[in-house]
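I opened the notebook to look up an annotated site. I want to see where its residues sit.

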Amino acid sequence: MSQLCVALKHPRLVDRTFLARPQHEGFGAVVRRSIGRYELKYFDPFLVLDEFFVTAPAGFPDHPHRGFETVTYMLQGAMTHEDFQGHKGTIGAGDLQWMTAGKGIVHSEMPASHGTQHGLQLWINLSSKHKMIEPRYQEVHNNDVVEAKKDGVKVRVIAGEAMGARSPIYTKTLTMYLDFTLDPGSHIEQSIPMGWNAFVYVLEGEDGVFGSMKSMPIASHHIVLLGNGDGLEAWNKSSSEVLRFILVGGEPLNESVVQMGPFVMNTEEEIDQTIEDFENCTNGFERAKHWSSQA
């Protein structure tokens, strides 16, 4: 059995797992939502995790955000993004867009190719001191995503560090985001800072074992919430199929969360002010007054 060892002293065990079932979102799109639904409203600092499937004419037409970051990671196909600041571009398979909405963004996300567009979108909360910062983008092309390979394991480092490879992405909220692919029979140990909340989401494979050799195998489209510890052990028990999953961790903000759809603040008064700002096109939403996307 191949192995990558970082000498974990207190491996994290599986705390909870459940299947992300399909639901409709946006305009005709289908998502498997694992964070941000009734079983798991919030996993500090993570607000939403969607595995999305979009076929034209479905998509996510013009809509606002305030108070958090969205991370879009394409697995198949392509999506075109356009916002009221004039930022426009297309992200294809393997590409990454890390968008800090901050004080306000209005944008659209629509299919850019035929067939089904498949990807992940993660919403990461911002602390109260960062909620009203200026919006910004960090975009990384597929070929520029940092990767490492060893002993039957490949990792794409979206944020943070793994197997000696470090992502250039800067995160306002301390976050790690790793895309692992394990060949049959391979095993990893990946460190995670103590005190961070962390989860696994399985993208491919039926025989992923996490936390302990005694754990039950977990199949694709399941989220695995991890207990505390200094890292994760994972095994691909299949003799013929690869196992692909993301490992995501973040430092909890430990702040109150008040959410109304695409607005996430700390108090009801701040949500009321955000709605007023959006409706009146003020305080960050000025450009929304005469803007609509071309999608």
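In which strand does His107 lie? I found His107 in strand 11, residues 105-111; strands are DSSP runs of E, at least two residues, numbered from the N terminus.

I noted the ground rules. This is a predicted model, where local features need pLDDT of at least 70, side-chain atom pairs count only at pLDDT 80 or more, and totals for chains, interfaces and linings use all residues. Residues are numbered from 1 along each chain as its sequence is written, and side-chain values use heavy atoms, without hydrogens and water.

Next, the annotation. The unreviewed UniProt entry marks His63, His65, His107 and Glu109 as "binding site"; such annotations may be inferred rather than shown by experiment. The four spread over 47 residues of sequence, yet they cluster in space, with a largest C-alpha distance of 12.7 Å.

Then I checked His107 itself. His107 is buried, at a relative accessible area of 0% (buried means under 20%, with a 1.4 Å probe and protein chains only). Leaving out residues up to four places away in sequence, His107 touches several residues, including His63, His65, His81 and Trp291 (contact means heavy atoms within 4.5 Å).

I turned to His63, which sits in strand 6, residues 60-65. Is His63 buried or exposed? His63 is buried, with a relative accessible area of 18%. Beyond four places in sequence, His63 touches Ile105, Val106, His107, Ser108 and Glu109. I also logged that the side chain of His63 reaches the backbone oxygen of Pro61 at 2.7 Å.

Conventions: Helices (H or I, at least four residues) and strands (E, at least two) are DSSP runs, numbered from the N terminus. Buried means under 20% relative accessible area, exposed over 50%, partly exposed in between (1.4 Å probe, protein chains only). A polar contact is a pair of N or O atoms within 3.5 Å; within protein, one must be able to donate a hydrogen and the other to accept it, and residues adjacent in sequence count only if both atoms are side-chain atoms.
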